[in-house]
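This report goes through one protein model, beginning with a single residue and ending with the whole chain. Please keep the sequence and the structure at hand while reading.

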Amino acid sequence: MVQKHSGVDKSRFHILIVDDEEPIQKLLKRTLNSQGFQTRTASNGKQALTYLKEESFDIVISDIAMPGISGIELTKKILSAYSADVILMTGMISQYHYDEIIGIGASDFIQKPFTTEEIILRTNRVIRERCLKEEQIHMHNQLAQAQKLESIGQLSAGIAHEINTPIQYISDNTFFLKDVISDLNLLMEKFLHLFKAAKMGSIDAVMLEQMETALDKTDLEYIQKEIPQAIDQAIEGIDRIKDIIQAMKVFSHPGQKEHVPIDLNQCLQTAITISKNEWKNTADLSVNLDPALPQVVCNPGEMNQVFLNLLVNAGHAISQKVASQTGDKGNIRISTTSTQGWVEIKISDTGTGIPEAIKTQIFDPFFTTKDLGKGTGQGLAISRSIVEERHQGKIKMETREGKGTTFIILLPLGKI
Ligand SMILES: Nc1ncnc2c1ncn2[C@@H]1O[C@H](COP(=O)(O)OP(=O)(O)OP(=O)(O)O)[C@@H](O)[C@H]1O
Ligand SMILES: [Mg+2]
């Protein structure tokens, strides 16, 4: 029978019971099975580790004092390699203190002899916490995905415009080539005619004059100069479109869950391509990327999203300042460097700066000073969570009102 407790389907939770005493194994198994949990029993730490390799468990309930690997050692091994929670049990009350056991990372501690009610109560509590964590991760992923789609949605008009410009000159140049090729075809026909006549030794003055007129009309010198340029420009336009589409693909790719070694300079270039329309009219861009930047183990989709958020924010801050002061264009500066154990990415703008009064709020979810449709206040909240929670990095901000803002991202080198 599948037991449900406050909406949780307990049969999806696997519990590994580890105890060298068979009666305890049996008692725990019976108790937990009666609650709907799936269980497996192991008589020692070694066997438990073998089972953990074979199958995924949500909770391991283990005795501490066992022959061979102790419950404490087993807990450390489990927590370093698996996502299971550990509940430890012991009869030796004086030897182990609650704080010490929780300190090594166990989720709970049960003293023997225990009652079945206590086992049920504590297991349910750990399950509730796991569900809560799962829910939080799910919400984070959903929010991050929604925000990613939203930024692409907001930027799509700009991206369409970015694609339109090269398409325009590819189209103009192709029509130009069509025209000149038809002129050249006519010229070629006349040359063939002349060639045939020359072979037969029958060229006359009229034919030569007609040829000369045709040559004058065609303006060969101009055509010879323009054709390669038109082709080069068309190729350049196609390359530009290819870059934009490539960048969009990176963004719309269903979030890769894995952390992989990536070139953050490349990642920044992608974000620059996608966000260009948001700043190119009001800001010049200067990029100073360290060519020797080591690869960093990151989730590429998430890091792209962070850079895009920061670039769009920089663009907005500069547009706002330029609009209010009818001043010159602003500047966005992007740089990367690596220092001991960290990679540093700086994105600076000469925009409005952030007023003292809201400095502490900008990372709060849904905090925005922008009009409806321009911002929802999620960019920095998501960016901070991506950098600090998902990549164990740091995101810092320095600002001077009226002068500009710099966001600094530090990502740890080495394994995440
Ligand atoms: N570079 C910047 N210069 C000045 N103010 C900034 C800058 N970046 C962020 N802010 C301020 O922080 C607020 C929150 O930024 P955040 O990116 O989280 O949200 P948003 O840009 O308003 O909306 P969204 O990113 O969801 O489209 C902004 O509304 C703005 O007031
Ligand atoms: Mg933003």
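Which residues does Ala42 touch, not counting residues up to four places away in sequence? They are Leu16, Ile17, Val18, Asp19, Gln25, Gln47, Ala48 and Tyr51, where contact means heavy atoms within 4.5 Å.

The model is predicted, so local features need pLDDT of at least 70 and side-chain atom pairs count only at pLDDT 80 or more, while totals for chains, interfaces and linings use all residues. Residues are numbered from 1 along each chain as its sequence is written, chains are lettered from A and ligands numbered from 1 in the order in which they are written, and side-chain values use heavy atoms, with hydrogens and water left out.

**Two residues**

Ala42 is found in strand E4, residues 38-42. Helices (H or I, at least four residues) and strands (E, at least two) are DSSP runs, numbered from the N terminus. Ala42 counts as buried because its relative accessibility is 0%; buried means under 20% relative accessible area, exposed over 50%, and partly exposed in between, with a 1.4 Å probe and protein chains only.

Thr376 lies in the loop between strand E12 (342-349) and helix H10 (379-390). Its relative accessible area is 31%, so Thr376 is partly exposed. Leaving aside residues up to four places away in sequence, Thr376 touches Glu150, Phe366 and Thr368.

The table sets out one C-alpha to C-alpha distance for each residue.

| Pair | Apart in sequence | C-alpha distance |
|---|---|---|
| Ala42 and Glu73 | 31 residues | 15 Å |
| Thr376 and His140 | 236 residues | 16 Å |

**The whole chain**

The protein chain has 10 helices and 14 strands. An automatic or database domain assignment supplies the domain bounds: domain 1 (4-114), domain 2 (175-230) and domain 3 (255-412). The C-alpha centres of domain 1 and domain 3 are 45 Å apart.

The radius of gyration of the chain is 34 Å, whereas a compact globule of 416 residues would have one near 22 Å. This radius is taken over C-alpha atoms, and the globule rule is 2.2 Å times the number of residues to the power 0.38. Along the principal axes, the C-alpha atoms fill a box of roughly 120 × 60 × 45 Å.

Of the 416 residues, 42% count as buried. Among contacts between residues at least 6 apart in sequence, 71% join residues at least 24 apart.
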